[in-house]
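The exercises below are meant to be worked through with the sequence and the model side by side. Try each task before reading its solution.

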Amino acid sequence: MDIESRAVAPFFKNGFLVSSPATRAAIVIDPGDEVDELIELAEGKRLDVKAILLTHGHVDHVTGVTAARERWGVPIYLHPADRPLYDNAPAIGRMFGLEVDAPPPADHALADGDILVFGDLEVRIHHTPGHCPGGVCLELRGAGEQEPGADLIVGDTLFAGSIGRTDLPGGDTAMLLDSIRRVLFAFPAATRVHPGHGPSTTIAEERATNPFVADGV
Ligand SMILES: [Zn+2]
Ligand SMILES: [Zn+2]
């Protein structure tokens with residue numbers, strides 16, 4: 001499985017392109033202002049993009065959804081608790097002084113425990129509220145694999161050395177800490193963690209050193 005990310009100003013939010021080298025099946029996660037780079041990357045590798053998945057509805061994670069949808073015509077997946085954030089992206093964008101087009105409506109409601117299969121890629125949905133009500137983490141597996149996925153796309157739930165902010169509407173610090181400890185820290189130590197901003201890390205690294213959630217904190 002190939003996992004590539006791109007990030008551009010002003011948010012430097014990571015947009016992901018996950019693909020299977022064997023079948024070229026692919027999914028796009030959180031397309032934002034870097035969407036043109038993701039499209040170019042996918043076209044260069046002649047990928048068969050099958051879906052747009054959103055870790056949550058914050059404006060920095062959705063500004064490229066319209067372009068991605070126009071390019072590939074594939075369904076959009078979002079947790080319903082973040083529909084208000086998603087549907088109000090233009091108004092929220094204006095609060096940050098940004099011109100944001102209304103994204104096309106989400107097609108599918110994600111729920112905790114969902115197992116989505118796109119070609120030979122499998123995505124398991126883990127609801128991890130706290131940064132926002134409808135935040136989810138995406139566990140990536142090869143289809144039919146029995147072992148827990150080696151890669152987690154965690155949106156703004158957990159960062160290398162930090163955690164998502166909880167001062168925005170719908171944020172809840174106790175809930176976020178519970179999501180990280182109960183859901184994410186249940187994964188094997190070697191699991192790779194791909195946050196919505198900044199570099200990738202591992203469950204082991206964050207359990208040992210993250211000042212907000214390390215074991216013993
Ligand atoms: Zn966010
Ligand atoms: Zn973000």
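**Exercise 1.** Find how many bridges join β1 to strand β2, and in which direction the two run.

*Solution.* Strand β1 and strand β2 (residues 15–19) are joined by 5 bridges and run antiparallel; strands are DSSP runs of E of at least two residues, and helices runs of H or I of at least four, numbered from the N terminus, while two strands pair if DSSP finds at least two bridges between them. Within this pairing, Ser5 has Phe16 of β2 opposite.

The model is predicted, with local features needing pLDDT of at least 70 and side-chain atom pairs counting only at pLDDT 80 or more, whereas totals for chains, interfaces and linings use all residues. Residues are numbered from 1 along each chain as its sequence is written, and chains are lettered from A and ligands numbered from 1 in the order in which they are written.

**Exercise 2.** Determine the strand order of the open sheet of 6 strands, and which strands stand at the edges.

*Solution.* The order is β1-β2-β3-β4-β5-β6, with mixed pairing. Because β1 (2–6) and β6 (108–109) each have a single partner strand, one side of each is left without a neighbour in the sheet.
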